[in-house]
Structure formats: structure tokens, C-alpha cells
Amino acid sequence: MGADGIPHKNSPDLDASPRTGVLVCECGEEIAGVLDTTALRDTAADLPGVIYTGCEAYPCSKDGLLRMQQAITENKLERVLVAGCTPRLVEKHFRDAALSAGLEADGVEVVDIREHCAFVHAHDPGAALKAADLIAMGVSRLAATSMPFPHSYALLSSALIIGSGLSGLTIANSLANAGHHVTLIESALELGGTSHTFQENAKDLIDSLIELVSTHSNINVLLDSRLTQVAGSPGSYEVIITSGNQAKTLAVGAIVVATGAKPLPLDGSRYFDPLCVVTHAHFAQELKGAATAGDDLAMQDIVLILSSEADGEDHGSHLSSLTGVRQAIQAKQLNPAANVTVLFRELFSAGENHPLGEKIQQAKELGVTFFRYRAETLPVIADKTVDIADPLTGQPVLLPYDRVVLAMQLVPQDNADTLAALLNLHQDKHGFLIEERTRLLPGRYSDTGIYVVGSAHQPVDTTDVLLQAYMTSSRLQRFLNQDSISTSAPVAEIAQETCTGCGNCVQVCPVSAIQLIQKDSLLSLAEVEALCCTGCGNCAVVCPVNAIIIPGWDDLAIVSQINSAFSSTHTRDDTQNAVLPPRILAFACEWSAYASADLAGTLRIPYSSDVRILRMSCSARFDPQHILWALLNNADGVLLGACHPGDCHYGAGNLYAEERVKVLKQLLADYGIDPRRVRLEFLAGDDGEGFVETIASFRDDLGRKMIKPLRSIS
Ligand code: SF4
Ligand code: SF4
């Protein structure tokens with residue numbers, strides 16, 4: 001810590017509390033320009049267990065980290081609290097540094113006095129009290145919480161790949177070349193998938209990969225085969241593959257889902273002449289036929305519409321934009337006299353280096369006409385013409401055609417639901433498998449050994465498929481090359497001496513990480529597969545005997561933070577019969593509400609400083625007992641911020657929370673407590689304004705109803 005780091009011995013609880021250091025970050029003037037960091041440091045010195053305090057201009061700098069490590073060593077610190085910017089940004093950084101200084105990584109806590117305080121309460125006298133409370137909450141959490149227990153398991157260096165399109169073949173070949181044994185399963189009777197039928201540029205590559213994969217000594221190919229059962233944990237999965245009537249059991253370390261997407265055929269009954277209205281895939285064959293035969297393309301008026309017939313939403317937007325423009329170029333090259341028109345609502349380019357811009361330029365130079373239409377005036381395919389409205393004048397434009405080419409509608413493969421259920425993967429509203437947003441919390445991320453690649457997520461073109469396949473291969477190799485797999489991420493721990501074997505936890509675990517195991521006695525007791533557990537906390541809420549601990553989010557850690565949340569404001573004179581500004585304790589899921597509060601800070605949107613934010617792993621961990629405790633201990637209102645339905649990082653934590661809040665509100669009403677003191681809100685992590693609006697509206701409601709007598713339930 002800095003030169004002003006002060007070792008001191010001040011607390012009567014010193015023997016009971018871990019030796020704690022508090023470091024207050026000035027962040028240049030970003031924090032110090034608003035908050036008196038020296039006063040915060042001095043206030044922190046009075047907290048139980050705090051034996052060292054300091055202020056640092058930039059603790060996350062190389063020098064700052066070195067001084068923190070020095071302070072840990074010299075003062076034999078067991079815990080360190082950094083009061084600075086958002087933990088989502090810097091916690092891992094501090095934890096890694098503390099680990100090298102001999103401290104347990106989870107002995108470091110970061111509380112946000114920048115985005116959650118200095119940035120949003122710049123001219124608010126309550127800012128100092130809030131910052132002091134946030135530090136007190138952090139110190140009490142550090143003192144109360146249990147440390148995660150590191151788990152380590154053996155790892156198999158083999159992989160199962162499901163799907164033999166471009167991505168599956170690429171990954172299989174690359175893993176096998178790196179010495180890993182690969183089982184490649186394909187539900188069809190031949191390798192290659194379906195993408196080459198509509199992405200003509202993939203065909204040659206797929207053919208050459210099929211040859212390599214079919215003869216590779218490290219690859220076992222199973223055709224007409226499906227994954228029907230999965231057990232085990234990351235690094236050691238036992239899978240059952242069914243081929244016809246035969247079932248085969250395999251042990252693999254990792255599983256790759258590379259099943260791609262499926263094109264839907266057109267509904268021919270909708271068109272006057274279905275032979276003239278075709279998909280990109282069909283048109284690709286026509287173009288190829290003409291090119292191979294060396295013939296001109298025998299069409300004069302070609303209209304390509306870059307959206308599918310279902311429309312409204314086109315899942316293949318990048319893909320259809322690029323494919324459509326490419327085909328327009330080919331058509332013009334084969335028949336320069338043809339009138340080729342591209343109708344589009346939006347042209348989607350997947351990033352700066354995406355080839356679409358260059359292709360559009362080439363198409364224009366060849367004489368292809370581009371015509372934009374609006375969502376409310378979609379093109380109508382009439383008998384002889386495609387009819388659209390000019391977007392500028394609104395006047396009808398009739399384009400004659402002898403071929404209309406529609407983008408294909410690409411949908412998830414038939415087995416997407418089955419795979420999602422077997423592998424605990426989330427799906428979007430269309431059924432595509434959702435990509436994990438692990439980048440948002442790198443420090444808490446542990447690799448599951450299950451990877452989804454390519455169009456199984458969302459339709460992508462050949463370039464993107466290859467990019468994803470190479471990236472996945474390298475992640476897989478890093479994963480499979482480990483001697484063993486270990487995690488110290490917070491996962492559920494069960495006190496077997498307390499567990500009664502009721503099975504509640506087993507029922508609510510979204511990833512089937514808990515099982516009841518028969519013990520010596522008659523009882524079957526709960527056991528957690530640590531590598532499968534995501535630490536969502538759903539099980540801890542339903543355990544009737546509090547046998548489950550989620551390190552960092554255990555009952556003690558949460559309750560101690562609730563107790564400290566308004567500790568600096570306890571002295572406010574509540575005995576006066578005056579309307580007091582309502583105090584709000586916000587339990588904030590770190591993927592949604594906490595992130596939106598961070599963003600509100602970054603955008604510097606002010607809100608009441610009488611709000612304290614308690615970071616939670618997931619809304620699944622919102623426990624009615626904690627909410628009640630908060631209402632009984634100085635919170636006028638409890639805000640619960642969760643992800644929107646369908647967006648929960650852990651599956652359905654938000655839906656469990658919604659159900660629990662409903663029941664709790666009924667109970668509150670029965671006991672004479674105004675249930676409007678509890679509010680559940682669904683928030684998106686990128687909605688800083690939404691967070692502030694929610695606080696303002698809840699505060700208004702509380703201000704109207706929560707005058708002093710309601711602060712207690714008497
Ligand atoms: S914390 Fe969540 S994932 Fe882990 S065992 Fe409990 S319910 Fe399952
Ligand atoms: S809910 Fe609690 S008591 Fe019931 S089986 Fe799970 S750990 Fe044991």
C-alpha cells in the first residue's frame with residue numbers, strides 16, 4: 001500500500017475477525033475529486049478486524065499492486081478490501097496479485113465507490129455516507145464468508161464432436177493432429193453436413209476435410225449416430241451414442257456441438273409460378289450449372305430479396321446479405337445483359353473486415369441495382385412482377401422477373417432441443433443454442449468442456465464458421481492439455497451432518513449438479529458435483545435446514561452486509577415524526593442489475609444516494625429470509641434486480657425469484673407489512689437508464705407510503 005498505509009490495532013474484535021487491510025482508491029481525481037478518501041480510510045480503520053488502511057492513487061497499477069502485495073506480507077493480512085471501481089472489471093486483477101503474495105484469492109473483495117457512488121452522487125452530501133457503508137459491507141462480507149474449497153479432478157484428453165459440417169470437420173482434424181483422440185458423430189449417412197448446399201464456397205474445403213478426417217488414425221467416425229445420454233462432469237464425461245439399435249458408451253473429456261442450422265424449403269403454394277421463385281440454395285445450383293456448362297445464364301430479369309419468406313426476422317441476416325450479393329455478382333458475370341436487382345431492408349456486415357462492403361462495390365460496378373424497402377412495405381411477389389414502394393416517394397415500383405431469389409430461412413436442427421437438454425445448454429426464443437457470456441466475468445469462469453460452434457448458435461457464413469472453429473480448437477486444446485482440471489470458483493458445499501436428504505436442492509438445480517447418495521446409514525444425503533455447479537445459489541434458498549453454503553453468497557455473508565448497509569446512517573434521528581428519505585437496499589444480480597448500475601455510473605446518471613447495492617451471483621439466490629431481514633433492519637424498501645425472462649445466465653433463476661417474491665409478498669401482507677416495500681424488476685445489463693428509472697420510481701412510491709412508522713413492523 002502507499003506511503004500513507006497505516007498499520008494499526010484498533011478493534012476489540014481483532015481476535016475474532018480476520019486481519020484485514022482496506023485500500024481506498026483515489027482513481028486520480030475520479031473518486032478523490034468527489035469523496036474525501038482520507039476520511040473514508042480513517043473511518044474504515046474503526047471497522048472490526050481492520051489492522052491496515054491506505055489510500056492509493058491507482059492501486060490497479062503495477063506499483064499499486066506491488067505495494068498491496070508488500071502490505072499483505074508485512075502485516076500478515078488475511079483479507080484485503082479495495083474500495084475503487086467495479087469489481088466486474090478489476091477483481092480478478094487484484095485477486096491474482098493477492099494470490100502471488102500468499103493470500104487466498106477469495107480473501108480479496110472489491111467494492112465500487114466509483115460507478116456506484118462518486119460518479120452518480122457528485123453533488124450529493126449522502127455520497128460520503130454511502131461510500132463508508134459500501135466499505136463496511138465489504139469488510140463484513142470478507143469477515144463472515146467462507147472461502148471456496150479448491151476442487152481438482154483427472155481429465156481425459158479425448159473429445160466427442162457432434163456434427164460433421166465445416167466446423168465439426170475442421171475441429172476434428174485440428175484436434176487429431178494435436179494428438180487427441182476424437183469421436184466424430186453424424187446423424188446422416190455421410191459426412192459433410194448441409195451448409196455446402198447453400199454456401200457454394202465451402203464445398204471444396206469440406207470435401208478435402210472429409211478425406212483427411214476419414215483416414216485419420218486419431219479419429220473415429222460414426223455415421224447415422226446420435227448422442228442419447230450424458231453423465232459426468234467437465235473433463236470426464238460418459239456419453240452414450242446410439243447408432244440404429246446399437247448403443248455405445250464412450251468416455252471423453254470434452255464435447256463439441258457443431259450441428260449447424262437447417263434450411264427450410266419454400267412454401268411453393270404461395271407463388272403464382274413456384275418454379276420462378278427459388279431460394280439461394282436452388283439459385284446456387286442454377287448458377288453452378290451454367291458456369292460448369294459454360295452457358296450464359298438464360299434469365300433476363302433477376303430479383304434477389306435478401307430476406308426469407310417468413311420474414312419479419314431473418315436469422316441468417318449476415319449470411320443472406322453476403323450470399324445474395326455474391327449471387328448477384330455471379331449472375332451478372334454469367335449474363336452481363338441481365339437486369340439484376342437486389343432488394344434489401346438492411347445490409348448486414350459482420351464487422352470491419354467482413355467482405356460485404358467490397359462485394360457490394362463490385363456488384364455496383366457490374367451494374368447490379370440495389371433497392372431498399374421498408375419493413376411496413378415488404379415486396380409483394382405478383383404474377384409477373386415484384387411490387388415494392390419507392391422508399392422516398394412511396395410510389396409503386398414494379399420489377400418484372402423471370403427469377404426471384406429469396407434468402408433461405410435457417411432454423412435450428414431437429415436435435416437442438418435434445419442436445420440443449422442433455423448438455424444443459426440455454427436456447428434463444430428460436431431454439432438456437434445461446435453463447436455463454438463468460439467474458440463478462442472472467443474471474444469466475446470455469447470451463448465446462450462443452451463448446452458450441454458455428455451455426456448451431458446463429459447462422460454464419462463460411463468465413464465466420466472457420467474463424468469460430470479455429471478459436472474453439474485452440475480453446476479445446478488448452479483445456480484437454482491440462483493434467484487435471486481444477487476450480488476454485490464458488491460452488492455449493494453441503495454440510496452433510498445437517499442435510500436431512502429431503503431432496504429439495506436436487507429438484508431445483510438447473511444443471512443437475514446435486515444427487516442424493518446413499519450413505520452408511522439409511523439416509524441418502526445430497527452431494528454436489530463441484531465441476532458442474534455454477535454457484536447460482538438456487539439450492540441454498542430451498543434447503544430447509546440451511547445445510548448449503550455458497551462461498552461468497554452464504555447466509556452469513558449476505559446477512560452481515562445487510563446489517564452494515566446503513567451503518568453510517570444509523571445515527572439519523574428516526575424518532576422524529578418526519579417523512580424521511582426512503583432507504584433502499586438493492587439485491588442486484590451481477591449479470592443484470594449490478595451491471596446496469598455500473599453503466600448508470602459510467603454514464604454519470606445521478607440517483608438517490610440512499611440506495612445500497614448488494615451484489616448477488618444470480619437472482620436464484622434472492623432468499624425471502626434475507627429480504628425480510630433487510631426490511632426489519634433499516635431498509636424501507638428492497639429492490640430485487642434480475643435478468644429479463646429468457647436471459648438468466650443460469651437458466652431460470654429469475655423465474656424462481658419471481659415465484660418466491662410472489663409468495664413472500666402474500667406473507668408480508670398477512671403479517672401487516674406493506675408488500676409494496678419489495679419490488680422485483682427485470683433489468684438488462686446494458687440498461688443504465690432503466691436502473692436509474694427503477695430506483696426513482698421505487699423511491700417515489702416508498703416516499704409516498706413509507707413514512708417513519710413503516711420502518712419497523714410494530
Ligand atoms: S448452486 Fe446452483 S448449480 Fe450449484 S448445486 Fe446449487 S442449484 Fe445447482
Ligand atoms: S435441500 Fe438441504 S436438507 Fe434437503 S437434500 Fe438438499 S442439502 Fe439436504
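Here is a short chat about a predicted model and some of its parts.

Me: Let's start with the ligands. Which residues are the closest to ligand 1?
Reply: This ligand has 16 residues around it. By class, that shell holds twelve nonpolar and four polar residues, with no charged ones. The closest are Ala 492, Cys 509, Cys 533, Cys 536 and Cys 539.

Me: And how many charged residues are in the shell around ligand 2?
Reply: Ligand 2 is surrounded by 14 residues, and the closest are Cys 499, Cys 502, Cys 505, Ala 526 and Cys 543. Sorted by class, the shell has ten nonpolar and four polar residues. The number of charged residues there is: no charged residues.

Me: Why does Glu 78 count as partly exposed rather than buried?
Reply: Glu 78 sits in the loop between helix H2 (62-74) and strand E4 (79-84). A residue needs 20 or more other C-beta atoms within 10 Å to be buried, and 12 or fewer to be exposed. Glu 78 has 19 within 10 Å, so it comes out as partly exposed.

Me: How far apart in space are Glu 78 and Arg 19?
Reply: Beyond its neighbours within four places in sequence, Glu 78 is in contact with Pro 18, Arg 19 and Gly 107. Glu 78 and Arg 19 are 59 residues apart in sequence. In space, C-alpha to C-alpha, the gap is 5.1 Å.

Me: How many bridges join strand E10 to strand E11?
Reply: E10 covers residues 225-233 and E11 covers residues 236-243, and the two run antiparallel. Gln 229 stands opposite Ile 240 in E11. In this hairpin, two residues lie between the strands, and Gly 235 has a positive phi near 90°. The number of bridges is eight.

Me: Which residue in E12 is the bridge partner of Tyr 237?
Reply: E11 and strand E12 (residues 246-252) run antiparallel and are joined by seven bridges. They form a hairpin with two residues between them, where Gly 244 in the turn has a positive phi of about 60°. The partner of Tyr 237 is Val 252.

Definitions and conventions:
Residues are numbered from 1 along each chain as its sequence is written. Chains are lettered from A and ligands numbered from 1 in the order in which they are written. This is a predicted model: local features need pLDDT of at least 70, side-chain atom pairs count only at pLDDT 80 or more; totals for chains, interfaces and linings use all residues. A residue is near a molecule or strand if its C-beta atom, placed from the backbone, lies within 6 Å of it. Ala, Val, Leu, Ile, Met, Phe, Trp, Tyr, Cys and Pro count as nonpolar, Asp, Glu, Lys and Arg as charged, and the others, Gly among them, as polar. Helices (H or I, at least four residues) and strands (E, at least two) are DSSP runs, numbered from the N terminus. Two residues are in contact if their C-beta atoms, placed from the backbone, lie within 7 Å. Two strands pair if DSSP finds at least two bridges between them.
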